[in-house]
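Please look over the sequence and the model below. A short report on the fold, the confidence and a few residues follows.

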Amino acid sequence: MSDLFAPEGGWRVRILDLSGGADRNVVEEVGGFPTLMHANAFARCYVRDSVERCRIPGMDTKQVLESWFAFGEDAEVVDAADGGWRSATELGDFVDRRASAEERDWRALDPRRMDADEDDDDDPPGMKSDRDDE
C-alpha cells in the first residue's frame, strides 16, 4: 500500500520520443501527480493519444504499430517499479481498437492544468484571463 503514496513533490511521468529526436529519447517529465493511480492514468491516456495521432485511415494494425514505434511517444511513471503502468501491456489493444475522445484526454489529468485552473477560478475552462496579459 505504501506504493500508492506519492514521493515528495509527487509522482513523475517521463515522456519518451520514440523517433529518437530527443536527448536519451526524453522529451519531458511531468511532475506533481498526487497518487500513483493518477500518474498511471495520465501515462496511459498520453500513450493512447500518441497511438491515435500515428493512425492514418486505411492502416492495418501492423502499420499503426510500426508508425507509433517510428514517430510516437511513450510514457513511463518514474520510480514506480512494478506499480507503474507500462505501454507494452496494452499496446496490442491500442492498435487494434480506436480510442474514444475520453480515452485520449491526458490533458484533463495533467497536474499542470489543474494548478492553472486553481489560479483562474473565475475563468471558464479553456479561456484566457484578461489578467494573464498584465
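## Fold

Five helices and three strands make up the secondary structure of the protein chain. Read from the N terminus, the order is β-β-α-α-β-α-α-α.

Of contacts between residues at least 6 apart in sequence, 64% join residues at least 24 apart. Of the 134 residues in the chain, 37% count as buried. The accessible surface is about 8300 Å². Carbon and sulfur atoms account for 50% of that surface.

## Confidence

This is a predicted model. The protein chain averages a pLDDT of 85, and 80% of the residues score at least 70. Residues 123–134 are another matter: here the pLDDT is below 50. Beyond near neighbours in sequence, that stretch has seven contacts in the model. Where pLDDT is low, the predicted coordinates should not be read in detail.

## Cysteines

How many disulfides does the structure hold? The count is zero. A disulfide, for reference, is a covalent bond between the sulfur atoms of two cysteines.

Are C45 and C54 buried or exposed? C45 has a relative accessibility of 11%, so it counts as buried under the 20% cut-off. C54 has a relative accessibility of 8%, so C54 is buried as well.

## M59 and its contacts

M59 sits in the loop between helix 1 (36–54) and helix 2 (61–71). Which residues does M59 touch, leaving aside those up to four places away in sequence? They are C54, V64 and S67. One of these, C54, is the buried cysteine described above.

M59 itself has a relative accessible area of 25%. That value falls between the 20% and 50% cut-offs, so M59 is partly exposed.

## The loop between strand 3 and helix 3

Strand 3 spans 73–77 and helix 3 spans 91–96. The loop between them holds D79. A81 is found in this loop too.

A81 has a relative accessibility of 53%, so A81 counts as exposed by the same cut-off.

Methods
Residues are numbered from 1 along each chain as its sequence is written. This is a predicted model: local features need pLDDT of at least 70, side-chain atom pairs count only at pLDDT 80 or more; totals for chains, interfaces and linings use all residues. Side-chain values use heavy atoms; hydrogens and water are left out. pLDDT is the predictor's confidence in each residue, from 0 to 100. Contact means heavy atoms within 4.5 Å. A disulfide is a pair of cysteine sulfur atoms within 2.5 Å. Buried means under 20% relative accessible area, exposed over 50%, partly exposed in between (1.4 Å probe, protein chains only). Helices (H or I, at least four residues) and strands (E, at least two) are DSSP runs, numbered from the N terminus. Accessible areas come from the Shrake-Rupley method with a 1.4 Å probe; for residues, only the protein chains shown count as cover.
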